[in-house]
Amino acid sequence: MGLGDQLLATGMARGARARGKKIAFGDGRKILWDKNSAEVFRNNPNIAKPGAERDQNVEWIPFYKGHRIYNTQGRGRWLWNFDFQAKPGEVFFDNAERRIGRRHGRGFILIEPDVPSWKSVAPNKDWGRANYQALADRLKTEGFRLAQFRHDKSSPPLNGVEGLKTLNFRDALALMSNGMLYVGPEGGMHHGAATVDKPAVVLFGGFIPPEVTGYRSHVNLTGGAEACGSLTPCQHCRKAMANISVEEVFAAVMETLNGR
Ligand SMILES: [Zn+2]
């Protein structure tokens, strides 16, 4: 289950405490967290914990594993709910997390060539390592410091790109909050970039529509495709990714950085 979903939840819960409420994510009877919820929701004053179901101030949102609001299951594909619009999430770091989040310094471009290979839709979100390498080479010649997160499931860093070891997802976000920009696929890290208020160039391709899980503050590239939601590797998605050139992504990165 996606860490991105947890961040989407924190976006939905934004501002609840200010209204005297806490958001209960579940089916209206039980708060349904999954294995990633506690980590991402830690210290979040807007979210009710399991066990708080009967509290006076809870407000239910039916967003939980198997019920994600932004999509419903169609035949072999997700059907996207275009009434849904992602709002930037929030993670409440403590002082120690903030401090160790600075251990690799600041001002790097975070590049993420990996898609979660254990998910069936991964090939549909994959721009390809060769493209990411070409992009990295191009950015290197402009003198940028490039970094890539390393963890137990990551591939080796691209040539010329620093590998930054992350301790967990929160740590990755704390590190990213010291970066300059994220470039990579739609997923946990693009939600993370929005959460820590960083610009991003997101390689959406043809699987999932930016109108639903994208952020207005980011550059979202689709290769001109309509999102298909296909749960299995898809020619149309492959073509969408192939339509996104290294030059286009490079230009988007440069424009984004020059605009700030
Ligand atoms: Zn497709």
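1. Cys234 has a relative accessible area of 17% and is therefore buried, where buried means under 20% relative accessible area, exposed over 50% and partly exposed in between, with a 1.4 Å probe and protein chains only. Cys228, at 12% relative accessibility, likewise counts as buried. This is a predicted model, in which local features need pLDDT of at least 70 and side-chain atom pairs count only at pLDDT 80 or more, while totals for chains, interfaces and linings use all residues. Residues are numbered from 1 along each chain as its sequence is written, and side-chain values use heavy atoms, with hydrogens and water left out.

2. Both cysteines belong to the zinc site, where the ion is coordinated by Cys228 (SG), Cys234 (SG), His236 (ND1) and Cys237 (SG) at 2.1 to 2.4 Å; donors are N, O and S atoms within 2.8 Å of the metal (3.2 Å for Na, K and Ca), and sites may look incomplete because water is not among the atoms. The spacing of these donor residues in sequence is C-x5-C-x1-H-C. The four donor atoms subtend angles of 98 to 117 degrees around the zinc ion, so the arrangement is tetrahedral, a term that requires all angles of four donors to lie between 85 and 135 degrees.

3. Helix 6 (residues 188–195) is largely enclosed by the rest of the structure, because seven of its eight residues are buried; helices here are DSSP runs of H or I with at least four residues, strands are E runs of at least two, and both are numbered from the N terminus. Among the buried residues are His190, His191 and Gly192. What covers the buried residues includes helix 1 (3–13), strand 6 (146–150) and helix 5 (169–176). Asp197, which follows helix 6, has a positive phi, near 60 degrees.

4. The structure holds eight aromatic pairs, that is, rings of Phe, Tyr and Trp (its six-membered ring) with centres within 6.5 Å, called stacked when the planes are under 30 degrees apart, edge-to-face when over 60 and tilted otherwise. Trp33 and Phe41 are edge-to-face, because their ring centres lie 5.1 Å apart with the planes at 80 degrees. Phe63 and Tyr70 form a tilted pair, 6.5 Å centre to centre with 50 degrees between the planes, and both residues are buried.

5. Which residues do ring pairs link into a cluster? They are Phe25, Trp33, Phe41, Phe63, Tyr70, Trp80, Phe84 and Phe207.

Technical notes. Four donors count as tetrahedral if all angles lie between 85 and 135 degrees; four count as square planar and six as octahedral if opposite donors are over 155 degrees apart and all others between 65 and 115; anything else is irregular. Contact means heavy atoms within 4.5 Å.
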